Amino acid sequence: PHIARLIAAGEVVSRPLDVVRELIENALDAGASRLEIEIEGGGLGLVRVRDNGAGIAADGAALAAVRHATSKLEPDADAVERVTTLGFRGEALWAAAQAGELHLVSRPAAQVGASEVQAQGEDVTVRRTSAPAGTTVTVRRLFARLPARLRTQAPAAAEAREMTVLVGRYVLHHPGLHWRLTVDEEARLTHAPSDHRGAVASVYGPLNANRVLRVQADGICGVISGPELTRARRDRMHFSVNGRPIVAPPELEKAVLEGYAELLPAGVAPLTVLDIQVAPEDHNPNVHPAKQVVALADLAGVAARVRSAVQTALATHPL
Ligand code: ADP
Ligand code: MG
């Protein structure tokens, strides 16, 4: 009887990395200014995200892990087209509770007591407790009840490496927040509120940060490396759309390279962090469960904006 449910949950959470991403996005949606992420055993042992965001009010706590329960959509048919939050399906906490053991403690700053939710499969218990304002979500023993899924997981060290890259991308696109990633009790990545350049320093080191130019034009904001940085790799091109890191469509990478034109030797990619703003109705994050692939209504127009923002940055900072 549980099989269909487990399969559906497995589409939302197919590996520990998915849990990390969903919990981070919930914290960002809650307006947190501090996010602390803890991983143990490549995330199969434990994933925990602690935030200082808006929290979940006592009367909403029991719903948090219920499938399709979301506080982020108005109850009308086309609300999903106006979505401005990173989450909107109400499936992540539910899926985490199906695939593992979910523990959540949350308190809105204005509420006296906190709520504690424990959920595993369909078993959900809620009690009152005390806690600092914000939310801490812990997922333990992911896939322990799904041996087939467990067998196909990457080794812990590999998954932890990818998580570090993932968290790095969030840091690059949300540099104004406090971030901390701990892997098996060891600090992997820390960042204090700063700008995009500061985030490049936290993720790629100060040498790289010294070489970047600021981009600020027409709904596009971020940094790009000066063309003298010839060793950057294509996996260092980062884009977000309305705050969500995306898998960049090739058109956007190409637009960056075109912006450099002959300043860039062939086969070389600049370090790039670009936050792109589009009107909510111009993008659809609903095309993929992980929401990292977004459909842009006017991809050519966005690419043209990117190209021209890069050109402007290079022209105003002659090298
Ligand atoms: P979604 O993000 O799609 O709404 P989730 O399953 O990720 O669905 O979360 C369910 C609900 O739980 C959210 O709509 C939100 O109300 C609440 N929630 C989850 N995580 C947090 C958090 N870190 N801070 C505040 N509220 C949260
Ligand atoms: Mg969510």
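A: The axes of helix H9 (residues 250–260) and helix H10 (residues 299–316) come within 8 Å and cross at roughly 30°. Axes here are lines fitted to C-alpha atoms, for helices over the stretch in contact, with angles from 0 to 180 degrees between N-to-C directions. Helices are DSSP runs of H or I with at least four residues, numbered from the N terminus. Because of that angle, H9 counts as roughly parallel to H10, the term for angles under 35 degrees. H9 passes H10 in a right-handed crossing, meaning that the near helix is turned clockwise from the far one by less than a right angle.

On the H9 side, the contact is made by Glu251, Leu252, Ala255, Val256, Glu258, Gly259 and Tyr260. H10 contributes Leu299, Ala303, Val306, Arg307, Val310, Gln311 and Leu314. Two residues are in contact if their C-beta atoms, placed from the backbone, lie within 7 Å. The residues of this contact divide into nine nonpolar, two polar and three charged. Ala, Val, Leu, Ile, Met, Phe, Trp, Tyr, Cys and Pro count as nonpolar, Asp, Glu, Lys and Arg as charged, and the others, Gly among them, as polar.

Elsewhere, the shell around ligand 1 divides into nine nonpolar, eight polar and five charged residues. Helix H2 (16–29) and helix H4 (92–99) each supply at least two residues of that shell.

The model is predicted: local features need pLDDT of at least 70, side-chain atom pairs count only at pLDDT 80 or more, and totals for chains, interfaces and linings use all residues. Residues are numbered from 1 along each chain as its sequence is written, while chains are lettered from A and ligands numbered from 1 in the order in which they are written.

Notes
Angles under 35 degrees count as roughly parallel, over 145 as roughly antiparallel, 65 to 115 as roughly perpendicular and the rest as oblique.
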